[in-house]
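Hi,

Here is the model I promised to pass on to you. Please open it alongside this email and follow along.

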Amino acid sequence: MEIGCFRRLLNNRWLVLVAAIWLESWAGIGYVFGSISPIIKSSLGYNQRQINTLGVAKDIGDAIGLIGGSLSKIWPSWGIILLGALQNLIGYGWLWLLVCHKVPQIPFWLVCILIAVGTNGETNFNTISLVSCVQNFPKNRGPIVGILKGFTGLCGAILTQYYATLFAPDQAAFIFMVAVGPFMIAIAMMFILRPVEGCQENSPSDNTNFNFVYGICLLLAAYLLGVMLVQDFVDIRHSVSWIFTVILLGILTSPLALALISTFKSPCPPSDPPSPVKQTSLEAPLLGNSENTNTDVANALNNGGECRQQVPYVNWNEMLLSELEDEKPKGVDLLPEWERQKRLAQLQAQLLHAAAEGAVRIKRRKGPRRGEDFTLMQAMIKADFWLMFFSLAFGAGSGLTIIDNLGQMSQSMGYASGHIFVSMMSIWNFLGRVGGGYISEIVARDYAYPRPATMAVAQITMAIGHILFAMGWSGSLYLGTLLVGLGYGAHWAIIPATASEIFGLKNFGVLYNFFIMANPAGSLIFSGLIAGTLYDWEAEKQHSRHGPMPRLSAMVFGISGGSVKGDESLDCHGRSCFFLTYWIMSAVCIVAAVLSMIIVYRTRIVYKNLYGKNLNSGEGSFRKEKDLPHEASSSDLRYSFSKNG
């Protein structure tokens, strides 16, 4: 009996989500580079230009996830996670040995490769976490992506608290923690984190469970923000820091209750349960009669303690007949999902029979339609794909420009330290990801309206934040950080869910990892070229008028400044330092919003086909549980019968 319960727990999709949350809370190591760069600079004797180059190498490693995405289609999930764990351990482990002078020094270009390889390991964690959970919760893509990407964004704040308790003030130990921590968590989770077959249908408790997870997210964000403020402004004892960390661990482990409750709320099956009923292929409903099909579904195994009847799977992607759309009765889409699937299967059987006798000529269409499974090459010839890519590059790229320059921004506005703004940006980024997934799911599922509309709202919000930065009013840096952080974070909940809806789940890992390359591409242009060039230009103007500036940045931020000698950089003071950059970023966000609305116009039919029946049947992701007697099969999310695709 106990073995049966244990098997049900391992096959519970909520346990997979919890494992993904734990892994993602260690998978944002790219956000902690600012915490480890000072010790790298001082220990290895690098200048600021070399540190910036290491940062670029980190961004490149964090963006190149196509290898992991491609391998996810042929390798098991645990193999991809293990590969990422080894990359992380080797890259940052060797860097720690170099910083501690335990191994001979190596050329600078090899250090760049080490950081790129180490950071690239987290792309494997992200890929498997997202692919597994989106496939396990195909009806809740927005919340799933928002929650997981939210914990990735919060990784920096979580690791900072661990470091403050366990290793502070040894800065080199932070690198050791970054090398070993993700490796240990990945090894522990690699056999749990995977797609679970047979339990992809919504259950009545899903809304309650997701609300519980959202509550934990809000509690965690508020708690970390409070802890940061206390530790910044109050001199606390080390024992109090331990208490803070224990409470943090308690909050992070609390989602495990969902997996335990959903597993043990019903009696455990025998130790050797029968194999779950697998989704049938196209031939199954054609060869068998409807009575046998109903009997098989009624006897389907409740694998995770939460699944209901499994709708027979019809592989429309393998053979989608244009005649099926022509002959389909007008009211069939308004029927309950079980009856709708049965009617379509019977109609297709009749068409195939007529085709075999020569009465009907079967026409095969070329390539998938929106809502079906695309390969990367098929997606790249679609306008929707590039509209999404450039909208993400403009919107997220402008946000990353602010994140990368918060230190100089706060310095130029007269703040003694930019640490509080960096911490606040991490919190707002987290809430933007969680909230973006939640709100976009309501828009898509409950109103059958294209999800990118919420991204356009996020981009307009960021444009307002950039304008507040430009105004330079008292407190505008706080409010601007709030708006830009929320908008930037929302991108990473909305884009992956939208990509899975328009281009399918089959190659989601590859598609997602291509889209994330838009982030460093936008940052390279907006931060590296525009913001950096305009800052140096304004600094040179100030220096020519007033002479050398004080070397405040060398003390506060660990960067060279205040001298024109050699390759050292100049400091700039006042709102004019980034004034033109802010207005350019605001205009860029407006352009991104226009691109998002073009996507909305082009995909409105797709979302009506995916979620329109929810409006007629009273279903919705966040409606009352009593209104959810029937849920659509996961195949409806991947396949659309629209001719407009």
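Below is what I found in it, from the whole chain down to single residues.

First, the ground rules. This is a predicted model, in which local features need pLDDT of at least 70, side-chain atom pairs count only at pLDDT 80 or more, and totals for chains, interfaces and linings use all residues. Residues are numbered from 1 along each chain as its sequence is written, and side-chain values use heavy atoms, with hydrogens and water left out.

**The chain as a whole**

The protein chain has 28 helices and zero strands; helices (H or I, at least four residues) and strands (E, at least two) are DSSP runs, numbered from the N terminus. Of its 645 residues, 55% are buried. Here buried means under 20% relative accessible area, exposed means over 50%, and partly exposed lies in between (1.4 Å probe, protein chains only). The chain exposes about 26,400 Å², with carbon and sulfur atoms supplying 65% of that area; accessible areas come from the Shrake-Rupley method with a 1.4 Å probe, and for residues only the protein chains shown count as cover. Taking contacts (heavy atoms within 4.5 Å) between residues at least 6 apart in sequence, 83% join residues at least 24 apart.

**Salt bridges**

Side chains of opposite charge can pair when their charged atoms come close. I counted seven salt bridges in total, where a salt bridge is a side-chain nitrogen of Lys or Arg within 4 Å of a carboxyl oxygen of Asp or Glu.

One of these pairs is Asp384 with Arg370, whose closest N and O atoms are 2.4 Å apart. Asp384 sits in helix α19 (residues 383-404) and Arg370 in the loop between α17 (337-356) and α18 (376-380), so this pair ties together parts that are 14 residues apart in sequence. Asp384 is buried at a relative accessible area of 2%, and Arg370 is buried at 12%.

Glu501 and Arg451 form another salt bridge, at 2.5 Å from N to O. Since Glu501 belongs to helix α23 and Arg451 to the loop between α21 (419-447) and α22 (452-471), the pair ties together parts that are 50 residues apart in sequence. Glu501 and Arg451 are both buried.

Buried or partly exposed: which is Lys541? Lys541 counts as partly exposed at 30% relative accessibility, whereas Glu538 counts as buried at 8%. There is also a network: salt bridges that share partners join Glu441, Arg445, Arg451 and Glu501.

**A helix pair to look at**

Two packed helices are described by the angle between their axes and the distance between the axes. Helix α2 (residues 13-24) packs with helix α8 (residues 141-153) at an angle of about 30 degrees, their axes 7 Å apart. That makes α2 roughly parallel to α8. For the angles, under 35 degrees counts as roughly parallel, over 145 as roughly antiparallel, 65 to 115 as roughly perpendicular and the rest as oblique; axes are lines fitted to C-alpha atoms, for helices over the stretch in contact, and angles run from 0 to 180 degrees between N-to-C directions.

From α2, Leu17, Ala20, Ile21 and Glu24 meet Ile144, Ile147, Leu148, Phe151 and Thr152 of α8. The residues of this contact divide into seven nonpolar, one polar and one charged (Ala, Val, Leu, Ile, Met, Phe, Trp, Tyr, Cys and Pro count as nonpolar, Asp, Glu, Lys and Arg as charged, and the others, Gly among them, as polar).

**Some single residues**

- Ser500 lies in helix α23 (residues 476-503) and is buried, with a relative accessible area of 1%. Not counting residues up to four places away in sequence, Ser500 touches Arg141, Leu505 and Phe508.
- Ala85, in helix α6 (residues 77-99), is buried at 0% relative accessibility. Leaving aside neighbours within four places in sequence, Ala85 is in contact with Phe125, Phe183 and Ala186.
- Asn429 is found in helix α21 and is buried, with a relative accessible area of 2%. Beyond residues up to four places away in sequence, Asn429 touches Tyr31, Gly153, Gly485, Tyr488 and Gly489.
- Val117 lies in helix α7 (residues 108-136) and is partly exposed, with a relative accessible area of 32%. The C-alpha atoms of Val117 and Gln87, 30 residues apart along the chain, are separated by 5.9 Å.
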